[in-house]
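Please open the structure in your viewer and keep the selection tool at hand. The tour moves from one selection to the next and says what is to be found at each stop.

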Amino acid sequence: MGNGTSRLYSALTKTLNSSAAAQHPEYLVSADPEHLEPIDPKELLEECRAVLHTRPPRYQRDFVALRRDCPSSHPSIRVMQWNILAQALGEGKDNFVQCPVEALKWEERKCLILEEILAYQPDILCLQEVDHYFDTFHPLLSRLGYQGTFFPKPWSPCLDVEHNNGPDGCALFFLQNRFKLISSTNIRLTAMTLKTNQVAIAQTLECKESGRQFCVAVTHLKARTGWERFRSAQGCDLLQNLQDITQEAKIPLIVCGDFNAEPTEEVYKHFASSSLNLNSAYKLLSPDGQSEPPYTTWKIRTSGECRHTLDYIWYSRHALSVTSALDLLTEEQIGPNRLPSFHYPSDHLSLVCDFSFNEEPNELL
């Protein structure tokens, strides 16, 4: 193992103690990575694969071209949305009865997560259930050229798990060589005037190539059956915040999240009918362009098997076009024991889309 790879290995295996988040109040702001030595993403990917050499290889997922009539003089913007499964919840609370305990060990699972990110090389990365921000994702992604922001849940369930690594929350990363940060807002969502345990991050970015500005937001709404009205209220609060941030949709918008809601729920309908003129990107993979995927999460718990569509990438249809989207894993690829597994590190699938600006934005409908 050469000196360069040894340094990468040290970065990959370094772990802060369990009180890392408590010692880092700067989680509320973007950190400055300039003091960190850059690393080559290809070398880091190779190192991850070396750690994972005893595991089955990743399944191949292909991008589906959705529009070829989007002439643009600037590169597309690749956005990844992913609930990566908090380590404390995966090992301590979620009860994935068909997933071997060995498949959940952080030393290897973090490499599977990094491998997925490195394989698709997103320009913008929106994550939920991040409970290893300070010891894994921030130091490594900063060295890959990303600027990151983390906003934890006020009462994270991870803190109830013995030997936890701090609270989980949402994280938003963007490549600094492509975007300039204009503004950043951390949002603690409310429901019926009450502050809740769910959060969002919204940032206005400027493309360095084109000078075009847009807003990207990441969120994770309340889980579980019986909380539909609560999620609906949280969604309305988020939409109102985004109305203000985007100046009533004058600034194009991309919203990524685990909404914990099927398309039949009110919160989905609020986003689909909002005056922000949003469309759900993954509908475009369906034959009619109007149907969400059959699942974005598939797991087996003690309560039974759960297959749901809960994760979405929303975008301003008047200002942005989806040029391609990453297809989902098939049922055969996922396998009979479902997710997570030795093949895949989370119970949610990553969603990845390429966006381009419309040259002449259409009038709002």
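Begin by selecting T309, whose side chain reaches the backbone oxygen of P294 at 3.3 Å, while the backbone oxygen of P293 lies 2.6 Å from a polar atom of that T309 side chain. Each of these is a polar contact, that is, a pair of N or O atoms within 3.5 Å, where within protein one atom must be able to donate a hydrogen and the other to accept it, and where residues adjacent in sequence count only if both atoms are side-chain atoms. Before going on, note that this is a predicted model, in which local features need pLDDT of at least 70 and side-chain atom pairs count only at pLDDT 80 or more, whereas totals for chains, interfaces and linings use all residues. Residues are numbered from 1 along each chain as its sequence is written, and side-chain values use heavy atoms, with hydrogens and water left out.

T309 sits in the loop between strand 12 (304–308) and strand 13 (311–316); helices (H or I, at least four residues) and strands (E, at least two) are DSSP runs numbered from the N terminus. T309 is buried, with a relative accessible area of 3%, where buried means under 20% relative accessible area, exposed over 50% and partly exposed in between, with a 1.4 Å probe and protein chains only.

Next, select D347, in the loop between helix 8 (331–334) and strand 15. D347 is also buried, at a relative accessible area of 3%, and a polar contact of 2.7 Å joins its side chain to that of K299.

Now show the strands: seven of them form an open sheet in the order 1-14-15-2-3-5-4, with mixed pairing, and two strands pair if DSSP finds at least two bridges between them. Strand 1 (63–65) and strand 4 (146–152) stand at the edges with a single partner strand each, so one side of each is left without a neighbour in the sheet. Strand 1 runs antiparallel to strand 14 (residues 320–326), and three bridges join them; if you select V64, its bridge partner in strand 14 is A325.

Finally, colour the largest nonpolar core, which has 69 residues, and in which I124, F137, F173, F214, I254 and F355 touch the most other members. Helix 4 (residues 106–120) gives the most to this core, with eight residues. Such a core is a set of buried Ala, Val, Leu, Ile, Met, Phe, Trp, Tyr and Cys residues joined through side-chain atoms within 4.5 Å.
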